[in-house]
Amino acid sequence: MRAKESASAKAKGSQDEYDMSPPDAALLRVLYEKVKIPKGKANYEVRNTRQRASCVKCKFNLGDERKCHVVRGKVNNEKGISKFFSPKGDGMLPGDVVWLYVKGSGKKLKYREGHVIKKGAPGFRCEDCKYYLYHGKCLLIEGKFKPKMSCGYIVKIGQGIEV
Ligand code: SF4
């Protein structure tokens, strides 16, 4: 990567594990250890005041499932927040952190770890994802996938780190 490209990549957030933000490093640890962080250790709290930052605005949030890629248990989308809160667009994309895990461990995520759904929203499906291989395989998750499926780690083609 040339210096100019590297500078522009940096401006968009951390590009590898050596300059990861603490929340991105926490996700990588969770992937390796297969245990999410308990709410107490994550300083998770439910606030009753109106706020701009809450789980639903965080890149680790699985809105429909009320789950988080990093913190254990159900979260409150509108009022919950933890010390790992990362606004969408901040640091690495969660799917790119999974790719670091796959490269480092030599293992894909198990199907059940991927939060796979049978039909994703238009534009956010396997067919739109840079980790999709055309014969129905995925670089991140074990199993077979159809173009209309999706998962909790989709990264749209052209976004995030270079693979
Ligand atoms: S959207 Fe599909 S291809 Fe992309 S990471 Fe998820 S399961 Fe894999």
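The model is predicted, and local features are reported only at a pLDDT of at least 70, side-chain atom pairs only at pLDDT 80 or more, whereas totals for chains, interfaces and linings use all residues. Residues are numbered from 1 along each chain as its sequence is written, and side-chain values use heavy atoms, with hydrogens and water left out.

**Ligand shell**

Around the ligand stand Cys-126, Cys-129, Tyr-131, Tyr-132, Cys-138, Leu-140, Ile-141, Phe-145, Cys-151 and Ile-154; a residue is counted here if one of its heavy atoms lies within 4 Å of the molecule. This shell comprises ten nonpolar residues, with no polar and no charged ones. In this classification Ala, Val, Leu, Ile, Met, Phe, Trp, Tyr, Cys and Pro are nonpolar, Asp, Glu, Lys and Arg are charged, and the others, Gly among them, are polar.

**Salt bridges**

The whole structure contains six salt bridges, each defined as a side-chain nitrogen of Lys or Arg within 4 Å of a carboxyl oxygen of Asp or Glu.

Helices (H or I, at least four residues) and strands (E, at least two) are DSSP runs, numbered from the N terminus. Both Lys-59 and Asp-24 are buried, where buried means under 20% relative accessible area, exposed over 50%, and partly exposed in between (1.4 Å probe, protein chains only).

Lys-148 is partly exposed at 41% relative accessibility, and Glu-127 is partly exposed at 30%. In the remaining listed pair, Arg-47 is partly exposed at 32% and Glu-45 is partly exposed at 37%.

**A buried leucine**

Leu-109 is located in the loop between H3 and E5 and is buried, with a relative accessible area of 1%. Beyond its neighbours within four places in sequence, Leu-109 has contacts (heavy atoms within 4.5 Å) with residues including Leu-31, Val-98, Tyr-101, Leu-140, Ile-141 and Tyr-153.

**Largest pocket**

The largest pocket holds about 700 Å³ of space. Of its 27 lining residues, the closest to its centre are Asn-61, Leu-62, Cys-151, Gly-152 and Ile-154. A pocket is an open set of points on a 1 Å grid over the protein atoms alone, where a 1.4 Å probe fits, with protein on both sides within 12 Å along at least five of seven lines; lining residues have an atom within 4 Å of a point. The volume is the space filled by probe spheres set on the points, which are joined across faces, edges and corners. E2 and H3 are the elements that give two or more residues to the lining. By class, the lining has twelve nonpolar, ten polar and five charged residues.

**Positive phi angles**

Most residues other than glycine have a negative phi. Asn-43, however, has a positive phi of about 50°; it is in the loop between H2 and E1 and is partly exposed at 47% relative accessibility. Arg-66 has a positive phi of about 55°; it lies in the loop between E2 and strand E3 (67-68) and is partly exposed at 40%.
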